[in-house]
Amino acid sequence: MTNQVKEDIAIVGAGPVGSLLAVMLARKGYKIDLFESRPDSRSKALYQGKSINLALSDRGWLALKAIGLDEEIRAQAIPMTCRMIHALDGSLTRQPYGRDNQAIWSVSRAGINEQLITLAEQQAGVEVHFEHKLTGLDFDSGTCSFDISGKESVDYHRELIFGADGTFSKVRRLAQELPGERISYSLDYMPQTYIELTIPANSDGSFMMEKNALHIWPRKNFMLIALPNPDGSFTCTLFMDLQGELSFQSLDDEVKVSHFFREYFPDAMPLLIDPVATFMAKAPSPLCLVHIDPWVIRDKVALIGDAAHAMVPFYGQGMNCGFEDCRVLAELVEEHQHHWGEILPAYQQARKENCDAIIELAKRNFVEMSDLAGDARFLLRKKIEAKFSEMHPELWIPLYSMVTFSPELPYAQALAIGEVQKEIMDEVMNLPDIEQNWQADCTYRLLYQLAQEKLTANILPETVSNPLSPGLSPTLSKKKEVKA
């Protein structure tokens with residue numbers, strides 16, 4: 001492959017990531033065939049039983065801005081500036097996500113997907129093929145075989161193929177079957193599974209709860225969350241173990257389910273649409289973690305989005321991470337002047353470590369959301385961090401803000417900095433009478449000293465420029481070596 005020839009590209013999977021990738025590569029002059037096994041969701045509803053909204057944050061917005069779709073999507077999204085924690089006694093605690101009304105945004109899964117597909121269809125050189133189910137893939141010749149609507153088979157030959165076909169990717173499964181390939185792979189099911197419930201709008205279309213918040217009912221080993229929709233409703237998700245003493249399987253009749261909701265979600269139960277019948281009628285959906293190495297197979301096929309790095313939803317970064325994959329890949333196309341022999345290895349090197357980091361962070365965050373979010377010492381810890389960050393933003397930004405609101409800071413570096421911050425905060429929280437003295441000057445002098453010693457010395461030994469500072473450049477974030 002040379003930089004004089006624009007290869008024809010197949011993208012398997014027309015979800016949000018595949019559709020965004022099609023737009024970005026088409027605008028760089030490539031002919032794109034975008035294949036989707038399902039019917040066109042714009043003419044047939046596809047999302048029953050799955051989350052109808054997602055959390056979009058700065059990494060996702062940066063990718064959407066690159067194709068000029070950010071403002072159109074923002075007009076239909078709802079900013080969530082805080083977590084609203086619902087205690088068992090019905091009391092509410094507001095936990096801001098960041099500073100100055102920083103927000104994550106509730107967006108429609110179907111809506112954003114359909115907007116991206118429509119934009120892809122408008123690009124010169126893009127053809128979208130619905131109801132094309134991948135059945136075979138020759139990784140050497142680039143020949144893809146599809147069943148069309150279950151009636152006939154057709155082959156397409158393309159120079160490059162991207163598997164953007166999600167957590168249970170067919171492209172990935174076919175790669176694992178290749179003889180002689182050394183592919184490391186794991187798909188781990190989490191103990192938690194989930195079902196969707198709904199809180200409707202009031203009769204006048206207004207919201208029954210605070211609109212601009214992600215609502216959480218943390219109950220240690222399980223939790224309920226709710227995200228707002230433009231029509232005034234909330235999409236709720238109940239996360240709970242599939243098996244065990246208190247689990248989806250143990251709640252096997254209406255009496256048990258009714259008692260469960262009355263005991264653990266007394267303020268939510270009157271708001272939910274028929275929660276007992278809905279619970280009994282729905283089979284819980286799994287949550288999975290996917291790790292695979294390599295992402296690039298035989299220099300012709302590459303994985304992207306959930307096909308490469310499916311994660312649990314507890315950091316709200318699944319779609320954001322997939323969109324970042326696309327943005328980074330598009331930048332590498334220019335950086336390497338369309339030399340795909342250089343682009344694909346650089347893409348894997350740039351993304352693999354970072355995606356492993358956010359998978360780990362997302363897994364950990366279930367504990368924070370379901371248990372620690374209602375813990376008094378955890379909330380105090382967050383208060384101290386927030387105050388110190390306001391005092392010294394050049395030295396300390398909380399981990400959540402680094403991941404969510406610092407789109408040019410790589411996930412792996414955020415994780416490494418977060419580990420050092422955790423060590424520092426553990427030491428601070430062990431101070432005598434910290435509950436009474438948390439606002440004392442001596443507490444923040446110690447924090448400053450520890451941050452200078454552990455963060456500045458270990459993470460930024462070669463520069464006075466802090467990677468936590470606003471306006472971080474991608475070049476700086478790539479060059480700095482993290483020694484956490």
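A crossing of two helices is called right-handed if the near helix is turned clockwise from the far one by less than a right angle, and left-handed if the turn is anticlockwise. With that in hand, turn to this predicted model. The crossing of α11 and α13 is right-handed.

Helix α11 covers residues 376-391 and helix α13 covers residues 411-429. Their axes are 11 Å apart, and the helices pack at an angle of about 110 degrees. Angles of 65 to 115 degrees count as roughly perpendicular, so α11 is roughly perpendicular to α13. On the α11 side, the contact is made by Arg-377, Leu-380, Arg-381, Ile-384 and Glu-385. On the α13 side, Gln-421, Lys-422, Met-425, Asp-426 and Met-429 take part. Sorted by class, the residues of this contact are five charged, four nonpolar and one polar.

A second pair is helix α1, residues 16-26, and helix α9, residues 318-335. Here the axes are 9 Å apart and the packing angle is about 20 degrees. Angles under 35 degrees count as roughly parallel, and α1 and α9 are therefore roughly parallel to each other. The crossing in which α1 passes α9 is right-handed.

From α1, the residues that meet α9 are Pro-16, Val-17, Leu-20, Leu-21, Met-24 and Leu-25. Their partners in α9 are Met-319, Gly-322, Phe-323, Cys-326, Arg-327, Leu-329, Ala-330 and Val-333. The contact of α1 with α9 is made up of twelve nonpolar residues, one polar and one charged.

Methods:
Residues numbered from 1 in each chain as written. Predicted model: local features only at pLDDT ≥ 70, side-chain atom pairs only at ≥ 80, totals over all residues. Heavy atoms only, no water. Axes fitted to C-alpha atoms, helices over the stretch in contact; angles between N-to-C directions. Helix = DSSP H or I, 4+ residues; strand = E, 2+ residues; numbered from the N terminus. Parallel < 35°, antiparallel > 145°, perpendicular 65-115°, else oblique. Contact = heavy atoms within 4.5 Å. Nonpolar A, V, L, I, M, F, W, Y, C, P; charged D, E, K, R; others polar.
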